[in-house]
Amino acid sequence: MRWEELDRQPCSLARTLSVLGDRWTLLVIRDCFMGVRRFEQFEARLGIARHVLADRLKKLTEAGVLAKVPYQDRPRREEYRLTEKGLALHPALIALLDWGDRYMAGPEGPPVQRRHRTCGHVTHGVTVCSECGEPLDPREMSVEPGPGAPDDLPLPERSGKTC
């Protein structure tokens, strides 16, 4: 599988990685969820080269994850806002943050906590079945062809055990 062909693979993860699959892009998305909107803010927070940042913002805008919204007319200036497609990345970002909090934080604990404004509690993401509400355990999952699968989609044989 070639990197430049990921967007044409019969795999939703490969197609997702064709848009989000580098470290800077995920950090830009993280900062968007923290309220960063302007090029100079991203540049200052991330310490990223201007051309790399411009490329990532362009790619996210072209993919419909971000939208450029004017905030000033003269001179015209634009900021980046998450679209509905971008906001839909929140559960994935929370899952990655939770993994990092659990396995990559120092002995002091996670550097950032997330508080649910509705109930006021510090929270973490929980992935549950959309049908029964039970937590999803990878040892209890199986894969099967979906409606968009090609006839020759290679799926591994499963014995019911995970790696």
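Residues are numbered from 1 along each chain as its sequence is written, and side-chain values use heavy atoms, without hydrogens or water. Because the model is predicted, local features need pLDDT of at least 70 and side-chain atom pairs count only at pLDDT 80 or more, while totals for chains, interfaces and linings use all residues.

**Helix 2 and its two partners**

Helices here are DSSP runs (H or I, at least four residues) and strands are runs of E (at least two), numbered from the N terminus. Axes are lines fitted to C-alpha atoms, for helices over the stretch in contact, with angles from 0 to 180 degrees between N-to-C directions. Contact means heavy atoms within 4.5 Å.

| Pair | Axis distance | Angle |
|---|---|---|
| Helix 2 (residues 23–33) and helix 6 (residues 90–103) | within 11 Å | roughly 105 degrees |
| Helix 2 and helix 4 | 10 Å | about 70 degrees |

Helix 2 is therefore roughly perpendicular to helix 6, and roughly perpendicular to helix 4 as well; that term covers 65 to 115 degrees.

Towards helix 6, Leu-26, Ile-29, Arg-30 and Phe-33 of helix 2 touch His-90, Leu-93 and Leu-96. On the helix 4 side, Trp-24, Thr-25, Val-28 and Ile-29 meet Val-52, Leu-53, Arg-56, Leu-57 and Leu-60.

**The core and Ile-29**

A nonpolar core is a set of buried Ala, Val, Leu, Ile, Met, Phe, Trp, Tyr and Cys residues joined through side-chain atoms within 4.5 Å. The largest one has 21 residues, and those touching the most other members are Val-28, Ile-29, Phe-42, Leu-53, Leu-57, Leu-60 and Leu-66. Helix 2, helix 3 (39–46), helix 4 (50–62) and strand 2 (77–82) each give two or more residues to this core. Leaving aside neighbours within four places in sequence, Ile-29 contacts Leu-20, Leu-60, Val-65, Leu-89 and Leu-93.

Is Asp-31 buried or exposed? Asp-31 has 0% relative accessibility, so this residue counts as buried (under 20% relative accessible area, with a 1.4 Å probe and protein chains only). The side chains of Asp-31 and Arg-30 form a polar contact of 2.9 Å, meaning a donor and acceptor pair of N or O atoms within 3.5 Å, both in side chains when the residues are adjacent in sequence. Beyond four places in sequence, Asp-31 is in contact with Val-36, Phe-42, Arg-45 and Leu-46.

Most peptide bonds are trans. Pro-75 lies in the loop between strand 1 (66–72) and strand 2.

Conventions. Angles under 35 degrees count as roughly parallel, over 145 as roughly antiparallel, 65 to 115 as roughly perpendicular and the rest as oblique. Buried means under 20% relative accessible area, exposed over 50%, partly exposed in between (1.4 Å probe, protein chains only).
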